[in-house]
Amino acid sequence: MKIINFIIGLFLGILIISIPFNQFQSSTLEPLQTLAVQFDGRKKPLDTVARETVAQIHGKLNYQTTNKEDLDYLQIYLSLWFNNRDWNEEPFILFSYRPLKEKVGLNPEQKYFSFVELMESKLGSFVLATREKQNNEQDLNRDEREALALEERLALMIDTVGQNTLPLIPHPTDIKGTWVSINRGSEYYQPNQIEPLLTTYTNLKQTYKIHPEQLSILGEISQKLQTQLRNLSNNIYPTSATLKQEVNFYKLHPFRKAWILYTFAFSLMLIILLFPSFTEVTQKPGLSIKSPDLKNNHDNKPGFLIGLRFNLYWLIIGTFISGLLIQTYGFWERMQIAGRPPVTNMYESVIWVGFGIAAIALLFELIYRAKYYLLAAAPLSIFCLLLADNLPAVLDPSIKPLVPVLRDNFWLSIHVPTITLSYASFALAFGLGHILLGNYLFTPQSKPRIKSLAKWNYGVLQTGVLLLATGIILGGIWAHFSWGRFWGWDPKETWALIALMCYIIPLHGRLIGWLKDFGLTVTSVLSFNAVLMAWYGVNFVLGTGLHSYGFSTGGSELIVGSFVAFDLLLLLIVFLRHRSSLSAEQTLPPEEKTTTFVETSNQI
């Protein structure tokens, strides 16, 4: 029965992954989508260039124009590329950082601005002053880093609108050689080879401007253009399978499918934990759970509930594993496309931590069958994947070449994943800690359940400390090879060490009796703020140090700070509630304490 329900869960997961079914069908515009472009240091399909360009400028993959026309990312990019509308007046450019908007004289409530609005503001003079400060090798504050990020969006907008410099022409002989635009094709090839390309390209451009809705004609012209480009240098031009692989990867949305499956599994797990009838069975007098009469009597209510309990639990496990498998597939595909592990920027770090939370929780769940591991892990994994899926301007999903310090794939493959897996372990402990806080706050009499949760949480904390300590040591070895020293008190290194101490000291305190279960519960919640600082704060708030390849802009310190403040308030409330419960227990006679504990045990 368990195996059958587990298989049903897997099948349900595969069904959700397969929806919509047309995602596996070829598009009419596939020849245009799979045109190879050398962009941002690697060769990629035009579909990916369009997706990344629109996400970086607009922050979303769709846009409604001033005349109420809805465009997807490919339509937006083609319109920018062939310049068939006035993009100077379209409020298309994302600018969300409020303090800088106030400083340069723009409406702080407005989120999207036109190119003209930004050029007429004080932004230009502010950027010039920031560039001068940067050239003098001075540290930049948050406003200045946001200004440079906005300048990059404007520069990308300028480079995209009406451009004739898109590098579509492959190098004749060098696989790593520089590609050029069609207008410069004569630098590599004879005029009789380039003239047909120019004719086809011009035809594509004119057809789109006149009849953008005629997708079949655009597809035919694009197929002809791609064939001509491939014939120039067939050994250098990427294969059709390679280009289609990347297009299909983004079309599948594996990380989005994963959080949908995690949400479904979480909802079912919540049901069987909130409603005791799904997890507890009251037997009729004279009947045993192992009795054949109870097992085979389909009209008998307890037997039905036992079967329903197993159905839901193993269905949840199967569905959760389906989510983990599709996320693993997404990682594998991204690694094949990038040629490296997907752990080099904040986007990849966030989806890897989401994966680590789910994988570690599943491992512990299969060992202890506790149910609470998945209950704690699923919301955190969902949150990570939702952030990665909906904030492309903050968490850049672009696949880019590695910076030089990261090109030693051996150390990259073990140091960074180990560190981020420790973050995942501590995040899981953070989730279990909140479940424990809820029990201390609302059901402090449920001592056996609290004891079990505390034991499970302790094991996760130990795992996190082991991973973080190993990751720091591996990072020191990598730093020795890359920078010539094991330790330099770089902000990232320092906060990783602080995070380790915030966990390892309380764990030692538990061994010698300084802390009990409640103390470790507080540790699992409170110490996660050090992890948050090492992971988020150094990259988004400090923005300094040798780990500059992980820095980013756009993160909201106000939202994160509010979350931390709320969490601290919750800890204070639970602490006061726990102290009052202990005081009340101490005033009870010994026989009443025993009675209370026995009654609680019966409830569990």
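**Salt bridges**

I looked up the salt bridges and found that the structure holds 17 of them, each being a side-chain nitrogen of Lys or Arg within 4 Å of a carboxyl oxygen of Asp or Glu. Side chains of opposite charge can pair when their charged atoms come close. I note that this is a predicted model, in which local features need pLDDT of at least 70 and side-chain atom pairs count only at pLDDT 80 or more, while totals for chains, interfaces and linings use all residues. Residues are numbered from 1 along each chain as its sequence is written, and side-chain values use heavy atoms, with hydrogens and water left out.

I turned to Glu69 and Arg85, whose side chains meet in a salt bridge at 3.0 Å, N to O. Glu69 lies in the loop between β3 (62–64) and β4 (70–72) and Arg85 in the loop between α4 (73–82) and β5 (93–94), so this pair ties together parts that are 16 residues apart in sequence. Helices (H or I, at least four residues) and strands (E, at least two) are DSSP runs, numbered from the N terminus. Glu69 counts as partly exposed at 35% relative accessibility, whereas Arg85 counts as buried at 18%.

I next examined Glu151 and Arg131, which form a salt bridge through their side chains (2.7 Å, N to O). Glu151 belongs to helix α8 (residues 142–160) and Arg131 to helix α7 (residues 123–135), so the pair ties together parts that are 20 residues apart in sequence. Glu151 is partly exposed, with a relative accessible area of 25%, and Arg131 is partly exposed, with 30%.

I then located the salt bridge between the side chains of Arg256 and Asp389, at 2.8 Å, N to O. This pair links distant parts of the chain, with Arg256 in helix α12 (residues 254–274) and Asp389 in helix α16 (residues 372–390), 133 residues apart. Arg256 is partly exposed at 31% relative accessible area, and Asp389 is partly exposed at 27%.

**Cavities**

I counted 2 cavities of 30 Å³ or more. On a 1 Å grid over the protein atoms alone, a cavity is a set of points where a 1.4 Å probe fits but cannot get out, and lining residues have an atom within 4 Å of a point. Grid points are joined across faces, edges and corners, and a volume is the space filled by probe spheres set on the points.

The second largest cavity holds about 40 Å³ of space. Its lining includes Trp81, Asn164, Ser181 and Tyr201.

I found Lys209 in helix α9 (residues 191–210), partly exposed at 43% relative accessibility. Lys209 and Leu78 are 131 residues apart in sequence and 9.5 Å apart in space, C-alpha to C-alpha.

I placed Phe575 in helix α22 (residues 557–586). Phe575 counts as partly exposed, at 40% relative accessibility.

Note on methods:
On a 1 Å grid over the protein atoms alone, a cavity is a set of points where a 1.4 Å probe fits but cannot get out, and a pocket is an open set with protein on both sides within 12 Å along at least five of seven lines; lining residues have an atom within 4 Å of a point. Buried means under 20% relative accessible area, exposed over 50%, partly exposed in between (1.4 Å probe, protein chains only).
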